[in-house]
Number of protein chains: 2
Amino acid sequence: MTGTELKRLTKRRVETRRRLHQAALEEFAERGFGVVTVEQVCAAAGFTRGAFYSNFDSLDELFLSMWEDRSRALLADLDEVLAAVDPGEVRSVRQVVELVDRAVGLDDAWFRVTAEFSAHALRDPALRRVMAAREEAIVAMLASVLQSFLHGAGRRAEDPKVLALALVAVHDGTSLQCLTEPDDPRPRLRRLDLFERVVFAYTVESTGESA
Amino acid sequence: MTGTELKRLTKRRVETRRRLHQAALEEFAERGFGVVTVEQVCAAAGFTRGAFYSNFDSLDELFLSMWEDRSRALLADLDEVLAAVDPGEVRSVRQVVELVDRAVGLDDAWFRVTAEFSAHALRDPALRRVMAAREEAIVAMLASVLQSFLHGAGRRAEDPKVLALALVAVHDGTSLQCLTEPDDPRPRLRRLDLFERVVFAYTVESTGESA
DNA sequence: TGTATCGAATACACGGATGTATCGAAAGAG
DNA sequence: CTCTTTCGATACATCCGTGTATTCGATACA
């Protein structure tokens with residue numbers, strides 16, 4: 001695996017990469033990138049380094065690949081879950097907030113890994129672009145789904161994207177607070193409350209229908 | 001420097017530690033913890049590793065020491081700056097927000113280093129406590145100073161600490177957005193806007209005086 | 001000024017992670 | 001079923017960072 005030459009993605013290869021991704025996620029979450037060695041990831045995946053070097057050039061590449069992959073998967077999941085909701089059943093802003101919060105979830109391992117990814121991205125323009133692209137995708141999805149949910153709650157966002165950006169920022173900031181005090185339920189409650197107030201702050205009453 | 005034995009802090013020692021702290025901040029911000037070696041930090045500080053091992057046990061210890069030290073210094077600065085403001089001159093929420101935002105600033109290097117510190121803290125209970133303590137100090141300071149500023153703007157927070165916690169979360173989340181797109185001024189503007197709306201969302205009109 | 005302590009420089013030994021080159025087994029094509 | 005290709009395992013050479021033990025200069029103190 002040298003340079004940018006594309007290897008054919010046979011079934012075996014795909015499976016190997018999948019297991020390495022998974023192992024990388026676990027190891028990086030548990031011990032942290034920069035501490036974990038190639039060999040540790042391989043061991044956790046049940047391989048030797050031969051498999052690794054046949055699939056990736058460096059730990060950095062594996063990290064990026066893993067993060068992008070899982071990032072996509074999570075976004076797709078979120079999209080699916082929210083698409084399955086009947087917008088007609090949403091009656092209040094509080095409901096919207098709880099719905100989205102539940103759908104997003106709060107995965108400790110993933111947040112840890114993402115925190116480190118962010119830290120790296122702040123130093124690497126290429127990674128920054130990756131992060132920016134992902135955020136844009138989230139914002140776009142949120143914006144559209146929020147608008148349809150808020151309709152049922154009798155509200156309308158003036159600029160859905162700005163609202164979505166605000167919610168993402170709040171999500172990031174409060175996640176850190178939640179996971180810094182993992183045994184304390186209060187940050188979770190404050191988070192929901194803040195979500196709700198922000199939604200109100202960026203929406204107006206939508207004249208027309210609603211409860 | 002083995003174990004927890006306390007070396008007497010002579011002038012020379014203090015100066016050496018200061019330079020190592022400074023060099024660590026720069027190197028970690030530039031290249032990232034986990035990539036930087038002991039030797040690189042020492043070189044950046046104009047020392048060899050002898051000085052390092054005479055003052056610290058490991059890079060981790062230096063990182064923690066440096067972060068705590070600077071963290072304290074920044075908080076003290078912030079306190080000083082805000083204490084110098086005449087609360088009587090604050091007339092609007094917008095002014096409060098801009099004041100605090102200006103005082104906090106947005107130091108790229110410091111944010112990078114803190115991002116990595118957070119990532120580590122999510123894995124290490126001892127570091128988590130350090131972070132929590134610092135957050136508490138910030139919140140306490142913000143809460144008190146906000147209350148006095150808001151008074152001039154004709155508003156009053158029901159629970160100043162909750163407001164402060166919300167603002168800290170918003171600050172963290174939006175900082176990431178700002179530094180992810182360093183050349184785009186819009187995140188900065190959105191940030192101020194979000195601050196302002198959150199302040200309104202967590203305060204009520206204070207009957208009595210004000211403009 | 002002489003002496004003792006302190007602190008940073010230097011030298012060295014060790015471990016361990018990386019990446020490559022080679023081999024053998026398993027999967028896939030005809 | 002055979003032949004070919006692919007891919008992971010193994011072995012090896014190399015490099016680099018660490019931490020310690022020792023030295024030597026500087027600084028404080030009497």
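Colleague: How many salt bridges are there between chain A and chain B?

Modeller: This is a predicted model, in which local features need pLDDT of at least 70, side-chain atom pairs count only at pLDDT 80 or more, and totals for chains, interfaces and linings use all residues. Residues are numbered from 1 along each chain as its sequence is written, chains are lettered from A and ligands numbered from 1 in the order in which they are written, and side-chain values use heavy atoms, without hydrogens and water. A salt bridge requires a side-chain nitrogen of Lys or Arg within 4 Å of a carboxyl oxygen of Asp or Glu. Between chain A and chain B, the count is two.

Colleague: Which residue of chain B meets A:Glu116 in a salt bridge?

Modeller: Side chains of opposite charge can pair when their charged atoms come close. For A:Glu116 the N to O distance is 3.1 Å, and the partner is B:Arg123.

Colleague: Which helix gives the most residues to the side of chain A that touches chain B?

Modeller: Helices are DSSP runs of H or I with at least four residues, and strands are runs of E with at least two, numbered from the N terminus. The elements of chain A that give two or more residues to this side are H1, H6, H7, H8 and H9. With 13 residues, the helix that gives the most is H8(A).

Colleague: What area is buried between chain A and chain B?

Modeller: The contact, meaning heavy atoms within 4.5 Å, takes 39 residues from chain A and 39 residues from chain B. Buried area is the accessible area (1.4 Å probe) that two parts lose on being put together, summed over both. Carbon and sulfur atoms give 63% of a total of about 3300 Å².

Colleague: Why are A:Arg31 and A:Glu27 separated by about one helical turn?

Modeller: The side chains of A:Arg31 and A:Glu27 meet in a salt bridge, with 3.3 Å from N to O. The separation is about one helical turn because, in helix H1 of chain A, A:Arg31 and A:Glu27 are four residues apart.

Colleague: At what angle do helix H5 and helix H7 of chain B pack?

Modeller: Residues B:Val93, B:Val96, B:Leu99 and B:Val100 in H5(B) meet B:Leu142, B:Leu146, B:Phe149 and B:Leu150 in H7(B). Axes are lines fitted to C-alpha atoms, for helices over the stretch in contact, and angles run from 0 to 180 degrees between N-to-C directions. The axes of H5(B) and H7(B) are 10 Å apart, and the angle is about 145 degrees.
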